[in-house]
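Trainee: Hi! Could you walk me through this one?
Mentor: Happy to. Let's open it up and start wherever you like.

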Amino acid sequence: MSELRKQLERAKADYESTRYPGDLATDMDLLRRPTVWRVLLPLAPWAVAASVLVAIAWVWSSNSGNDQLTQGVQHQSTTVPGRVAMIFDNGISPTTAPSYDTPAVAERPAAESIPEPLSFPTDMPSMPTDGLSSFPAPTAMPSLDQLSDTSLSEKEPV
Amino acid sequence: MDEQTLEAAKRGDRRAQATLIRDLQDVWYRFSLSQLGNADLAADAAQETALRFLRDLKSFRGASSLKTWSLGISINVVRELRRKRKLGGPGELGDQADESPSPVDAANTGEQVSQLRVLLADLPERQRESIILRFFENLSVDETAKAMNVAPGTIKATIHQALRSLKTKMSRGRDLSS
């Protein structure tokens with residue numbers, strides 16, 4: 001074997017002993033397990049958008065429920081002899097439960113609580129007292145009886 | 001390296017890809033180090049080779065061995081890196097070349113391996129590549145030709161020129177030392 005061959009063989013052994021310093025697969029992030037954040041972070045904008053939509057839908061549905069209550073569209077009432085109760089079928093219970101022992105008719109407020117009407121002043125004359133109060137007498141009109149007697153005698157031939 | 005692992009890696013199985021890369025990482029690194037002469041640059045070249053290897057793995061049809069095919073990628077990466085950094089041979093900068101200052105000094109100290117390494121560094125790029133692939137990576141002439149994307153006859157001629165140049169330089173070094 002020539003000297004060059006021998007040296008090539010020795011250099012080959014040296015060459016083959018060279019190793020990559022580390023793990024190339026790990027360096028390239030091939031084997032790292034996906035963490036929770038790696039999965040969740042890309043989903044964050046969608047989660048925010050979804051929660052906003054849910055909030056809008058919830059507000060809208062609650063407003064439409066109030067409208068039904070005020071309009072009284074689907075209210076139903078059942079009457080029990082001697083008792084009156086309102087039952088709402090929209091699932092919203094009244095804020096105060098009706099008492100069956102008290103009458104459902106509203107009581108008239110006491111008369112004392114109504115203020116007296118203003119009384120007309122008695123010390124003030126209802127008619128003016130100065131000279132202007134005497135009106136001139138109207139001109140005398142001829143009597144119809146008299147007019148009929150004279151006209152008949154003139155027009156009707158005897 | 002079995003066929004199942006290769007197919008799984010082609011389908012994108014990360015474990016299979018990691019297995020392939022672990023099998024080939026030393027090949028890419030030591031080839032890059034022999035061409036660039038710098039450990040950091042060689043590590044960068046190995047990583048870039050791995051990236052392109054995974055990117056192009058689906059196009060691998062098995063016309064040559066996976067090692068030969070991947071060495072073709074590594075050759076391109078090293079050439080691009082050398083061109084980008086305007087490097088000459090591995091002797092210009094390098095951890096290996098720094099250990100032995102010149103072929104004459106290496107011969108005088110009797111460090112034949114270091115001497116040969118320096119002599120290889122002085123070879124033209126194509127001759128150095130063909131010697132490394134043919135004699136150090138044990139590729140056949142055809143495999144070396146496929147990896148370097150040239151005809152087998154060209155490889156034979158290139159290797160012949162490289163060996164003759166090495167012989168001449170070695171005998172010149174012996175003459176100088178004696």
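Trainee: Let me pick a spot. Which residues does B:A46 touch, not counting residues up to four places away in sequence?
Mentor: B:A46 touches A:Y20, A:L24, B:Q25, B:W28, B:Y29 and B:S32. Two residues are in contact if their C-beta atoms, placed from the backbone, lie within 7 Å. Before we go on, this is a predicted model, where local features need pLDDT of at least 70, side-chain atom pairs count only at pLDDT 80 or more, and totals for chains, interfaces and linings use all residues. Residues are numbered from 1 along each chain as its sequence is written, while chains are lettered from A and ligands numbered from 1 in the order in which they are written.

Trainee: OK, how many residues does each chain put into the contact?
Mentor: Chain B gives 25 residues and chain A gives 20 residues. On the side of chain B that touches chain A, helix 2 (14-36) of chain B gives the most, with 11 residues. Helices here (H or I, at least four residues) and strands (E, at least two) are DSSP runs, numbered from the N terminus.

Trainee: What kinds of residues make up that side of chain B?
Mentor: The side of chain B that touches chain A has 14 nonpolar, 5 polar and 6 charged residues. Ala, Val, Leu, Ile, Met, Phe, Trp, Tyr, Cys and Pro count as nonpolar, Asp, Glu, Lys and Arg as charged, and the others, Gly among them, as polar.

Trainee: Back to B:A46. Which residues touch the most other members of the largest nonpolar core?
Mentor: B:A46 is one of them, along with B:Y29, B:A42 and B:A45, in a core of 46 residues. Helix 2 of chain B gives the most to this core, with 9 residues. A nonpolar core is a set of buried Ala, Val, Leu, Ile, Met, Phe, Trp, Tyr and Cys residues joined through C-beta atoms within 7 Å. A residue is buried if 20 or more other C-beta atoms lie within 10 Å of its own, exposed if 12 or fewer, and partly exposed in between, with C-beta atoms placed from the backbone.

Trainee: New topic: at what angle do helix 2 and helix 4 of chain B pack?
Mentor: Helix 2 of chain B and helix 4 (residues 66-84) of chain B pack at about 35°, with axes 10 Å apart. Axes are lines fitted to C-alpha atoms, for helices over the stretch in contact, and angles run from 0 to 180 degrees between N-to-C directions. Among the residues that meet are B:W28 and B:F31 in helix 2 of chain B, and B:L71 and B:V78 in helix 4 of chain B.

Trainee: Is B:W69 buried or exposed?
Mentor: B:W69 counts as buried because it has 21 C-beta neighbours inside 10 Å. B:W69 sits in helix 4 of chain B, and touches B:F60 and B:S64, not counting residues up to four places away in sequence. B:W69 and B:E143 are 8.8 Å apart in space, C-alpha to C-alpha, though 74 residues apart in sequence.

Trainee: And where does B:E143 belong?
Mentor: B:E143 is one of the buried residues of helix 9 of chain B. In helix 9 (residues 141-148) of chain B, 6 of the 8 residues are buried, so this helix is largely enclosed by the rest of the structure.

Trainee: What comes just after helix 9 of chain B?
Mentor: B:N149, which takes a positive phi of about 60°. B:N149 is exposed, with 9 other C-beta atoms within 10 Å.
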